[in-house]
Amino acid sequence: MKKPPDFDAVVIGAGISGMYQLYRLRELGYTVKGVEASDNIGGVWHQNRYPGCRVDSESDTYGYFWNKELLQEYNWSERFASQPEVLRYLHRAGELMDIRKDYLFNTRVKSATYDEANNLWRIEFVEGGSAPMTARFLVSALGPLSAPQMPKIDGVHTFKGETYHTGRWPRDPNGFGPDPKIDFRGKRVAVIGTGSSGVQVIQEVSKVAKELVVYQRSPNWCTPLGNAPLPPEEMEAIKKRYDDSLAFLDTTLGGFAHIWLEQNATDVSAEEREVTLEKLYKGPGFSLWLGNYKDVLYNPEANHLVSDFVARKIRQRVKDPKVAEKLIPKDHGFGLRRIPLETKYFECYNQDNVKLVDIKETPIERITPQGIETSEGLREFDIIVFATGFDAILGSWNRMDIIGRGGVSLKDAWKDGVQTYLGMQIVGFPNFFTLVGAQSGATFCNIPRCSALIIDWLSEFFAQVKQRDVELIEPTPQAQAEYTALCHKLLGLTLIGRTNSWFTGVNKNLEGRDKRDALLWAGGNPGYRELLGKVSANGYEGLVMA
Ligand code: N01
């Protein structure tokens, strides 16, 4: 006789998508358990507490649109909310879902193994967590940017001062923000890394540090965030139009409040283009990235025109022309890696207390107990901030053992490249689901908005699974191969697919991660919704259910 599972479903992760998925499963009558490695809800917003951390989606587009009560209750105070404000929002959402009662915190999954004889997943935890548990369905909501990655630098652990990684920032135990004891005032600070996290932390630390040295390996195409307070009367107006906003967001590429222009950059006059780009540059959030001419991420010539525009902006804003040149990306065009949004970032380099070290010119040789040594010599510091990013998309899954049918691990299944069906399921891993991971329609997206689409769809599916007493769900090899091929094709149509970045799985800090892979669904949010609609309309084609 088959053993019954402890739970119908276990959800790993209490971030934005994990909490919502668990809530929906519970509402459907599934017995559920959530497990979370950290000690609280909030996912990346619980962990990334560095000074300056904030959203780069407009605040009122970043949330749970499905929760009408929360939409009407919550007042965003800024156009782009800070980390404490987002985390407060998620805590309130957690309260409204009464989510904590179903989660075990401080419970990090070590392994999840499919037990074929009993058709269930056996989940084991790192020592100190829970006793093992079993589940019929296992949903992994691990987050694409939640496995922080330290750099490979000799002596990295010898430094005697304070060190922090932006993705694991110590927190104020009594509040939602960073630990107030981390004080940069009057200190000599190094920041390694100039992605979105680095840019945000540099802007803040430069205001108070005695000396800030930025170690940059690759510059990024940063554009202005356009943040401002959100007046209460405007917030009230936003509340009245949430339904319309949602309808609009559902039409945009990534669920952001920006939509391509109808023309191509190459089809308009230089004068007209300049006026348009100027307007977009001054616009909020991802205006210039995702509200640009529709060929910018596809046509090298169009991309070059916009890159040239942004390079001119950087030259205007940075006083020292040599420093400006170092801050202009030369190895990739505008928008082909994730755009960091900034507030007076470039002006930081006009300050006397801020210095830029281009480590392609003067490489870091080692970290010593006193500081950082490059080919130019040693600089001493009190604090080093590692803004070196994540083992993006794959890391959270690779850092636990996920063992499917026949004892095959997910790492092995993906060793020659990621393969999924809909970015949700993998052949050989029955009843295992991934949310906002590789090839998911929500990963290159406004995550709360796009992950809700997936969770709503999955919840419909799980309702039918329950109704039909389905106990086993697995994609067909053909459906998986076709979906994966489609991901490659769509990404290959974009210039993003030809660029090394975390979008394409390249990570210089990790062995064997120098080849590009189609980790993203690049068919846009409407395209993904259409595909999911077609799959369900055709009786969940591509999935074997037994
Ligand atoms: O990480 P990143 P991140 N020596 O990978 C450098 C989201 N996010 O944490 O480019 C020296 O982008 C690395 O250099 P290179 C957002 O989606 C959102 O900043 O590899 N440098 C790069 O400069 C974002 O894209 C917000 O040459 C080293 C940096 O470290 C994603 O998270 C805010 C190095 C890493 O940049 C990740 O952003 C923050 C080494 N050994 C983040 N190794 C919002 O606003 C790495 N680097 C919502």
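The legends below describe close-up views of a predicted model.

**View 1. A five-stranded open sheet with parallel pairing.**
The strand order is β7-β16-β8-β9-β12. Strands β7 (162-165) and β12 (354-358) form the edges, each pairing on one side only. Direction ignored, neighbouring strands of this sheet are turned by 15° against each other on average.

**View 2. The pairing of β8 with β9 inside the five-stranded sheet.**
Strand β8 covers residues 188-192, and strand β9 covers residues 211-216. The two run parallel and are joined by five bridges.

**View 3. A three-stranded open sheet with antiparallel pairing.**
Here the order is β13-β14-β15. The edge strands are β13 (364-367) and β15 (377-380), and each pairs on one side only. Neighbouring strands of this sheet are turned by 25° against each other on average, again with direction ignored. Strand β14 (residues 371-374) is joined to β15 by four bridges, and the two run antiparallel. Ile372 stands opposite Arg379 in β15.

**View 4. Helix α15 alongside helix α17.**
Helix α15 spans residues 447-467, and helix α17 spans residues 524-537. Their axes come within 11 Å and cross at roughly 5°. An angle under 35 degrees counts as roughly parallel, so α15 is roughly parallel to α17. From α15, the contact takes in Cys450, Leu453, Ile454 and Trp457. From α17, Asn525, Tyr528, Arg529, Leu532, Gly533, Val535 and Ser536 meet them. By class, the residues of this contact are seven nonpolar, three polar and one charged.

**View 5. The second largest pocket.**
This pocket holds about 360 Å³ of space. It is lined by 16 residues. Closest to the pocket centre are Trp414, Lys415, Gly417, Arg513 and Asp517. The lining divides into five nonpolar, four polar and seven charged residues.

**View 6. The largest cavity.**
The model has five cavities of 30 Å³ or more. The largest cavity has a volume of about 60 Å³.

By class, the lining of the second largest cavity has eight nonpolar residues, one polar and no charged.

Technical notes
Residues are numbered from 1 along each chain as its sequence is written. This is a predicted model: local features need pLDDT of at least 70, side-chain atom pairs count only at pLDDT 80 or more; totals for chains, interfaces and linings use all residues. Side-chain values use heavy atoms; hydrogens and water are left out. Two strands pair if DSSP finds at least two bridges between them. Axes are lines fitted to C-alpha atoms, for helices over the stretch in contact, and angles run from 0 to 180 degrees between N-to-C directions. On a 1 Å grid over the protein atoms alone, a cavity is a set of points where a 1.4 Å probe fits but cannot get out, and a pocket is an open set with protein on both sides within 12 Å along at least five of seven lines; lining residues have an atom within 4 Å of a point. Grid points are joined across faces, edges and corners, and a volume is the space filled by probe spheres set on the points. Ala, Val, Leu, Ile, Met, Phe, Trp, Tyr, Cys and Pro count as nonpolar, Asp, Glu, Lys and Arg as charged, and the others, Gly among them, as polar. Angles under 35 degrees count as roughly parallel, over 145 as roughly antiparallel, 65 to 115 as roughly perpendicular and the rest as oblique. Contact means heavy atoms within 4.5 Å.
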